[in-house]
Amino acid sequence: MVETWYAILSFMLVMFVILDGFGIGAGMLQYAVGKTDAERRLVIRAIGPLWSWHEVWLVSFGGTLFVAFPSILASAFAGFYLAFFLLLWSLVLRGVSHEVSGHIDDPLWRTGWHFCFVTANILLAILIGAALGNVVRGVPLDAHGRFTLSFFTNFGVRGHVGILDWYTVSVAVFTLVTLAAHGAAALVLKTDGPVHDRSERLAKVLWNTVLVLLAVITVESEYVRPDLFPGMLRQPFAWLGVVGVLGGLIAVFTGLRSRSERRTVMGSCAFLAGLMIAGAASVFPVMLHSTLATEDSLTAYGGAATGHGLAIALIWWPIALALSISYFLFIHHHYEGKVKPAQDPQSPY
Amino acid sequence: MDDALLWHRLQFGFTVTYHYLFPQLTMGLAWILVYWKWRHLRTGDERYASAMRFWARIFGITFTVGVVTGIPMEFQFGTNWANFSRYSGNIIGQTLGMEGMFAFFLESAMVGAMVWGEKRLGPRNHFLATLGVAVGSWLSGYFILVTNAFMQHPVGYSLAADGTLRLADLQAFLLNPWALVVFLHNQIAAVVTGSFAVAAVGALYALRKHHAKQASLFLKTGTIVGLLASVLVAFPTGDMHARKVAQYQPVTLAAMEGRFHSGPMAEINMIGQPNVKEHRLDNPIRIPGALSFLAYGSFYANVRGLDEFPEDSWPTNIELLYYSFHIMVGLGTIFIALMACACVQRWRGRLEKTPALLWMLMLAFPFPFIAASAGWMVAELGRQPWLVYGLFHTTQGTSEVVSGGDVLFTLIGFVGLYFVLGVLYLFMVGYEILHGPQSASSTVNPGGTHG
């Protein structure tokens, strides 16, 4: 039961990173690939009206964490207090700037909100990356399962750590570049003309950078969490993740070379999913690692909801998932294919 | 700072009150949009399509602000109320999880297509998307109200060995009688807000003599729905809610009414100031026996006053509770009167020739927001000093690792951010209203360009 819920939560996070990662990545490249107002609007059209459905994966991840691991939610959310509010405020800024930029037909209005949109997306990528870095590195949990984090302490990765240190900053940079690469790959698929060509050139540069940074992160992670790679060897699911990473990278690079746009995007999704799955499987059952004393780490078994709440949720959760996917399909097929510049001025999408 | 509790409470109170200004409008408008879209499908009358398109744009802006201010609400359970989450997460986690999975996915998939995708989706699918948004937003409301109802009147739980709560009976929890009553009361209140907004824009256009056809449609829908909803929100749903309070939170009822002493023939105090120190109501204007009758069905029923309860079980802010309740009830009464006058005049065909009434309709739109906010303050202040009624004190619920200073910092951040959001929101809705509804033939008007 606990394993199932751990897998469900990992799945939801993977969905969020793949789907909203496209919006975040494409959003931060808006000025890099769009030189004119019309081109920047094309990027918004490419992200499409389902962006909020993508973001709901994060919100529902929070809700599902509440169902399955309430005490871990309580420790983590309170411990990351300030970082959490930065994340929430960035989400506010991003949602608003995405929606309002199209409402008033004025170049100055749009430019202002597009700029805001780019900034919020960059901030989001950094914050998500730093959060992932914190989960891998661990937090200063005490024996009562409580911790609190400053923004930074001595930038070291042991003992009383802060949110930012050399490791979490590297993960944040890696996430920023990877989501940008993911967004660029998807923009190539979704657009035509100059935006398409610029995205294609950027995608090549970004994916080469991802490759270099991946090597750096791998070495760093081995130093920060020595139990990570042994864990990976023990867990068949982690092997699946590694296959996803390697297969994804091959698909991305061959896709970029042979200009098969769909393969690149699929490869990019497999790469992101593979990384997350490998990470989640390797650290299982530890959900929050303690940098002070390993025995104080919070595990999935210790933090799971008790009683038959989990069994009940396992009945309604798949039904809700099936419904959710059906809503997505109902809307999505109206928006398939490459986006054209706005012919219908009534609609930004 | 050891007054962290105060900042935690203020932050949650501020962010939730501000947030709920937006969903009450969207939940109210949602079914009006469904109705117009349906009328358009059935009759082909372009007026309905144009009205729907115009209000869908306002809906879109409102929905966006509702979503972005709503996400912090869900996360604050963990960030600010970690001990409460540990204590009751096994139970309220269910509904918060369901809200995301059942309601948010539905709303978020449909809303973009509803606001912007009329041509792409075609009439039938566009109607379905509109319906999806309405169902999703009301479902979301239900799950939140079940969560709140558990805090007001906990049912379906058992106490585990470690002192936290366990879900014992999902059905009892989801069909909490308190939740069912509050759902009716609250959702109809949202329709009041929506209908007043529609009527106010209709009145504005009628007074300015712009968009005459739309003005009369807005006035028609706004006043008829407004009258129905204003009546229903008071009777039977408000009445049913008050009986629940009398039954499960008698001390709250006493505080709401400023009733310090027990006795039969309990009066309703229309006006008066609670004097908590002296245990009496100053300068009251009373209707004798009315409270006994409303709460228990007989003028001679004994209604318990605050003196029957130990002082540490009294709601912690009786004055604010009392004033909030009286503001809600007073405004609710005025709503019925205003909408009844408007409906009578419209039925006589003279509403658009009665500028005084149009002015009142136009200026009335903020008051349902005030009434709903006051109503929620009654519910939440009335619950004090409990976080989960009778089980768990508010003082026990906060995140002890978060200092008061940190909360004050984020509270100030929210105040600043939400101020800017409010200005932006009013500007954009004002822009849409001044722009006015457009007929289908004028959609290529450059003023309507988006991208």
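Reply: Helices are DSSP runs of H or I with at least four residues, and strands are E runs of at least two, both numbered from the N terminus. In this predicted model, that naming places Pro385(B) in the loop between helix H13 (366-383) and strand S5 (386-388) of chain B.

Me: What makes the peptide bond from Gln384(B) to Pro385(B) cis?

Reply: The bond from Gln384(B) to Pro385(B) has an omega near 5°, and it is cis. Chain A has a cis bond from Phe284(A) to Pro285(A), with omega near 5°, and Pro285(A) sits in the loop between helix H12 (261-283) and strand S1 (286-288) of chain A.

Me: Why is H1(A) called largely enclosed by the rest of the structure?

Reply: A residue counts as buried if 20 or more other C-beta atoms lie within 10 Å of its own, and 20 of the 27 residues of H1(A) are buried, so the helix is described as largely enclosed. For chain A as a whole, buried residues make up 58% of the 349 residues.

Me: Why is Met265(B) called partly exposed?

Reply: Met265(B) has 16 other C-beta atoms within 10 Å, and because the class lies between exposed, at 12 or fewer, and buried, at 20 or more, the residue is partly exposed. Met265(B) is in the loop between helix H9 (250-256) and strand S3 (268-275) of chain B, and its phi is near 55°, a positive value in a residue other than glycine. His279(B), in the loop between S3 and strand S4 (280-287) of chain B, has a positive phi near 60° and counts as partly exposed with 13 C-beta neighbours inside 10 Å.

Me: How do you know that the radius of gyration of chain A agrees with that of a compact globule?

Reply: A compact globule of 349 residues would have a radius of gyration near 20 Å, and chain A has 20 Å, so the two agree. The C-alpha atoms of chain A fill a box of roughly 60 × 40 × 35 Å along the principal axes, and its secondary structure comes to 14 helices and two strands.

Me: What makes residues of chains A and B count as being in contact?

Reply: Two residues are in contact if their C-beta atoms lie within 7 Å, and 63 residues of chain B are in contact with 63 residues of chain A. The largest share of the side of chain B that touches chain A, 24 residues, comes from H3(B). By class, that side has 32 nonpolar, 24 polar and seven charged residues.

Me: What is the predictor's confidence in chain B?

Reply: Chain B averages a pLDDT of 90, and 97% of the residues score at least 70. Over residues 440-451 of chain B, however, the pLDDT is below 50, although this stretch has 28 contacts in the model beyond near neighbours in sequence. The model scores ipTM 0.89 and pTM 0.91.

Definitions and conventions:
Residues numbered from 1 in each chain as written. Chains lettered and ligands numbered in written order. Predicted model: local features only at pLDDT ≥ 70, side-chain atom pairs only at ≥ 80, totals over all residues. Nonpolar A, V, L, I, M, F, W, Y, C, P; charged D, E, K, R; others polar. Rg over C-alpha atoms; globule rule 2.2 N^0.38 Å. pLDDT = per-residue confidence, 0-100.
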